[in-house]
Amino acid sequence: MKIAVCIKRVADSETRVKIAADGKSLDEAGVKFIINPYDEFAVEEALRRKEQAGTGEVVVIACGSGAAQETIRTALAMGADRGVLLETSAIPVDGFTVARALAAELKDGGYDLILFGKMAIDDYNHQVGPMTAELLGLPCVTCVAHLELAQGKGTAEREVEGGMEEVEFPLPAVLTVDKGLNEPRYPALKGIMAAKKKPLEVKPATLGAPGLEVLAMTPPPERKEGRIVGEGASAIPALLKLLREEAKVL
Amino acid sequence: MSHVLAILEQRDGSLRKVSHEVVTGARRLADGLAGEVHALVCAAGPVSGVDAAGRHGADKVITATSAAFAQYAPEGFARAIVERAQAGSYGAVVCAASAQGKDLAPRLAARLGVPLAADITDLTVDGGTVVVTRPVYAGKALLKVKVTADPVVVSLRPNVFTPVERPKAGAAETIAASGDGGRVVVKGIKAAAAGALDVAEAPIVVSGGRGLKEPANFKLLEELAQAFGGRAAVGASRAVVDAGWRPHGDQVGQTGKTVSPSLYIAVGISGAIQHLAGMRTAKVIVAINKDKDAPIFKVADYGVVGDLFEIVPALTSEVRRLTS
Amino acid sequence: MIPSQYQPRLPLDRLILKRGAAGAGDSMELDVLFVGAGPAGLAGAIELARLARADPGLGELSIGVLEKAEALGEHSLSGAVVNPVALRALFPDLPETELPLRGRVEREAVYLLTSTGSVRLPTPPTMKNHGNFVASICEIVRWLGSQAEALGVNIFTGYPGAALLTDGDRVAGVRTAPTGLGRDGQPLPTYSAPNDITARVTALSEGTRGLLSQAWLEWQRVSSANPQIFALGVKEIWETKRPVDRVIHTLGWPLPSDAFGGSFCYPLTPNLVALGIVVGLDYRNAALDVHVLLQRLKGHPLFRVLLEGGEMVEWGAKTIPEGGYYALPQRRSGDGVVILGDAAGFVDVPSLKGIHYAMQSGIYAARAIVAALRAGDTSAAALAQYDHLVDDSSIARDLYRTRNMRLAFKDGFTTGGFRAGLMTLTGGRFPGGRIAMHADADAARHAGADGDFTPDGKLTFSKVDGVFKSGNTTRDTIPTHLVTGVEVPAEVARFYSHVCPAGVYEEVDGKLRINAPNCIDCKATDVLGPRWTPREGGSGPRYKRM
């Protein structure tokens with residue numbers, strides 16, 4: 001099995017968001033960057049599929065700054081075979097430009113499976129995977145939480161409102177994966193040592209003109225000051241009246 | 001002047017509620033662009049409830065039918081919608097950022113060769129320019145984004161664009177979609193197990209903390225949750241989960257689940273930052289605590305100070321009276 | 001109440017294992033293994049990698065550094081005002097601007113506080129920071145780590161050293177902690193067995209109150225003239241509205257007069273300020289609570305004006321070895337092993353410095369290790385060269401000069417201040433001899449009132465809020481890693497609840513309750529009560545700019 005996994009370097013979700021001086025982006029001072037957690041599920045799935053097949057290659061591809069090499073090394077330490085960084089000084093807010101750069105890289109790769117995380121925890125864009133699939137003309141299933149592959153065909157389950165959707169698709173395909181698909185491994189000591197020696201190709205990303213432009217980044221509105229309705233059980237009627245009439249949640 | 005194509009959702013032949021939000025959002029966009037809203041739903045046959053689209057501002061309601069559309073067909077839907085979008089030279093396409101919309105909208109944008117402004121919570125049109133707001137970094141910041149593409153493709157975060165009555169003609173039209181459903185075939189939906197709601201999904205969450213004194217007293221919260229008639233789940237603070245009183249799956253907070261129900265009732269929870277991180281996006285927060293200085297009262301919309309063992313049963317019986 | 005009466009012994013049977021003992025998963029062989037990626041271990045690894053490169057006879061050495069934090073620097077916490085001498089020695093060709101330091105100390109002030117007022121004191125000679133730099137140890141460690149990796153050093157983050165592997169009296173390597181155990185200690189589906197890493201030399205650079213260092217010293221019966229003593233520091237980082245233009249130290253309030261310590265306030269940038277309080281763990285009042293003292297301190301007019309309207313962005317705590325010269329182990333080397341930095345106790349309390357000593361000790365260790373490897377002899381006799389190098393260095397000289405200064409304060413601050421003054425004047429010769437010291441756990445405590453403290457969530461915070469701001473996201477279902485005495489009376493449980501800055505211990509209905517995931521590895525109760533053992537890798541705090 002030849003599998004590509006597209007990953008992203010993102011600010012840790014624990015990050016306290018401080019807006020940079022340009023008023024449009026994250027102030028990166030003191031921010032920890034990690035591999036996008038959903039992409040870890042994708043890397044893990046790729047490794048398991050290769051291990052099951054007994055043969056194949058797992059290629060990790062990222063689009064991002066030079067620092068994303070570290071993120072690729074994390075995936076290599078988990079067990080991926082080689083990495084490709086499409087280098088750009090800043091990842092555009094327009095996911096379509098990223099999809100085009102990735103599609104150009106993936107086009108002639110001969111992959112049986114191309115995996116993405118279902119979304120990145122920084123921009124919540126939820127789109128680069130299926131867009132890449134469309135550009136490559138490949139079938140795509142998003143938010144895969146359960147996966148079975150056999151004889152060139154796959155069955156997946158994805159969470160929808162009120163249940164799990166069961167989906168069938170042919171290979172090769174693009175899948176974006178959800179939490180619950182697997183439990184990602186921690187890089188083994190030997191994997192960490194081996195990752196240093198695995199090939200990592202860095203080349204400039206060819207990004208087209210973006211169609212989205214960030215005007216401003218702002219903090220979310222603060223919650224308005226609450227109030228004490230009263231003391232003891234005697235406050236209950238007043239509370240319910242407020243919930244019904246003012247807050248309108250009942 | 002350009003028209004807006006609003007992509008509605010149906011399941012099993014019935015219009016899904018989120019479609020009203022899509023029409024409402026599309027109407028706002030169309031008003032700004034001085035155009036019409038054309039609502040489009042892909043289905044195997046007539047869709048019940050689709051006429052409501054006219055009430056919320058659709059000038060035209062189009063049902064694109066195909067035998068392959070009994071279930072969601074990602075590629076078939078995308079083809080039918082893109083064909084229509086191109087044929088009608090629409091200025092914008094609006095989807096919901098629902099499970100289906102998150103899958104469909106990127107496909108539409110890619111096929112149309114334009115970007116997607118996903119999961120937006122606000123939109124404005126100023127002199128023909130569309131500017132959207134979308135939360136990033138788990139809602140810790142908002143991004144204001146100018147969309148310079150033709151057509152503009154956006155998906156709307158559910159539960160944000162409250163449906164507004166804007167009666168328009170809603171002229172019904174049915175078209176036959178060409179081709180099959182595509183390579184990706186949805187076989188069906190396995191319904192989630194009936195019964196217990198997950199705290200992450202329940203519209204009402206009743207959470208308990210150390211103030212409940214012992215595990216058995218969570219019965220009080222379970223009774224309160226039941227009084228809400230199947231719409232509420234019981235959550236817990238980290239302290240009581242660590243103490244083994246409640247399962248980890250019920251934990252609300254930084255290391256547990258992040259919830260944003262419409263009503264969150266915190267009972268006997270002091271309100272450590274790590275707990276607040278998991279529930280501060282709830283629409284309305286009610287706190288019940290005996291300590292009037294507890295930090296939970298600083299984030300609560302409504303607070304009741306006093307003995308929870310007296311207050312909670314009183315609340316339960318009042319809620320029962322209201323809902324019965 | 002004497003804390004040591006309730007303190008369990010170090011579980012040596014779990015910490016000293018025979019090489020090849022059952023239970024390991026993978027195993028690996030290295031030439032040299034450092035345990036702990038702090039300034040000592042990383043400086044050692046860098047110097048070692050360079051010396052090996054320069055010596056064709058040695059060939060390429062395989063050098064590894066184990067680190068229990070999930071990422072470099074995340075378990076490192078210090079004040080810190082840094083003497084740049086060791087960084088300059090390690091990177092002589094780099095301009096100062098490229099070293100991982102913030103601003104040069106231009107202005108400094110020392111105040112004696114009362115609850116409402118302050119008196120500016122002349123800066124004691126030992127505390128003068130001319131030529132030193134404000135810095136974040138997290139940033140220093142991350143930077144040193146990238147330098148080490150560029151030299152081919154393998155850094156294994158997320159791997160705590162959990163036991164020494166031994167061959168007779170020889171240290172042969174380290175076993176790491178397993179991951180994926182459930183609350184009951186049974187393996188979960190995510191279980192991953194410990195790894196055995198053997199090495200020709202193991203360098204213990206674990207930092208303050210290092211577990212394996214303690215175990216080795218006890219196992220090999222290596223003693224010191226005085227027992228090691230510790231202080232606990234609790235620190236916050238604030239983004240302030242008002243700029244801070246100087247390094248500030250305070251003495252006095254809110255500490256009681258029978259406790260040794262003080263506060264510090266260092267601007268990393270004018271509007272990013274590190275603020276903390278440090279208290280010797282030989283204090284007498286069982287209700288003393290260092291976290292609460294820091295919260296009180298912020299209400300003092302001197303600090304309130306700086307902090308009000310600002311935001312607390314990080315919180316953390318750590319112990320500091322304060323015993324100085326007389327608490328150094330008689331030897332810091334043995335068969336196949338050396339002990340570096342804080343783990344050995346290389347801290348000079350009067351100048352509040354340890355980072356450059358840690359780095360220097362790493363450099364000396366690297367030199368001794370290279371000589372030993374070259375000679376094909378890594379026995380105790382060969383590695384004793386490390387002790388000789390340290391004993392002949394400014395580390396030993398500086399610590400000797402101030403050998404009794406911290407010890408003078410064991411009877412309280414007033415007499416201590418007077419005696420320390422005389423020591424400075426006499427270059428350490430007063431009063432002659434060695435002031436004998438108890439271990440902190442042997443200092444008797446008297447009952448005290450708990451005092452009123454309600455955090456306001458703006459200027460002052462609860463312990464749980466602090467733990468959140470430490471970035472701690474330890475899995476809630478880990479088994480407890482803290483070893484307590486069998487019977488802990490309510491009074492002692494309450495004492496632990498005050499000792500621990502992270503709210504790990506609580507006294508509930510007369511019993512001790514342990515919230516293990518809160519633990520941020522400060523080691524305070526390891527000094528005074530329940531013993532600390534490692535958890536699965538990546539647990540604990542995630543400090544960014546501490």
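## Chain C: make-up and dimensions

Chain C contains 15 helices and 24 strands. Its radius of gyration is 22 Å, close to the 24 Å that the globule rule gives for 546 residues, so chain C is as compact as a globular protein of that length. The model is predicted.

The C-alpha trace of chain C spans about 65 × 55 × 45 Å along its principal axes.

## Chain C: burial and contacts

Of the 546 residues in chain C, 58% are buried. Contacts across the sequence can be described too. Taking the contacts in chain C with a separation of 6 or more, 79% join residues 24 or more positions apart.

## Chains A and B: a helix pair

Helix α6 of chain A covers residues 236-245. Helix α9 of chain B covers residues 308-323. The two axes come within 10 Å and cross at roughly 50°. The crossing of α6(A) past α9(B) is right-handed.

## Residues at the crossing

Which residues of α6(A) meet α9(B)? They are I236(A), P237(A) and L240(A). On the α9(B) side, the partners are I311(B), A314(B), L315(B), E318(B) and L322(B).

By class, this contact has seven nonpolar residues and one charged residue. No polar residues take part. Glu counts as charged, and E318(B) is among the α9(B) residues in the contact.

Notes
Residues are numbered from 1 along each chain as its sequence is written. Chains are lettered from A and ligands numbered from 1 in the order in which they are written. This is a predicted model: local features need pLDDT of at least 70, side-chain atom pairs count only at pLDDT 80 or more; totals for chains, interfaces and linings use all residues. Helices (H or I, at least four residues) and strands (E, at least two) are DSSP runs, numbered from the N terminus. The radius of gyration is taken over C-alpha atoms; the globule rule is 2.2 Å times the number of residues to the power 0.38. A residue is buried if 20 or more other C-beta atoms lie within 10 Å of its own, exposed if 12 or fewer, and partly exposed in between; C-beta atoms are placed from the backbone. Two residues are in contact if their C-beta atoms, placed from the backbone, lie within 7 Å. Axes are lines fitted to C-alpha atoms, for helices over the stretch in contact, and angles run from 0 to 180 degrees between N-to-C directions. A crossing is left-handed if the near helix is turned anticlockwise from the far one by less than a right angle, and right-handed if clockwise.
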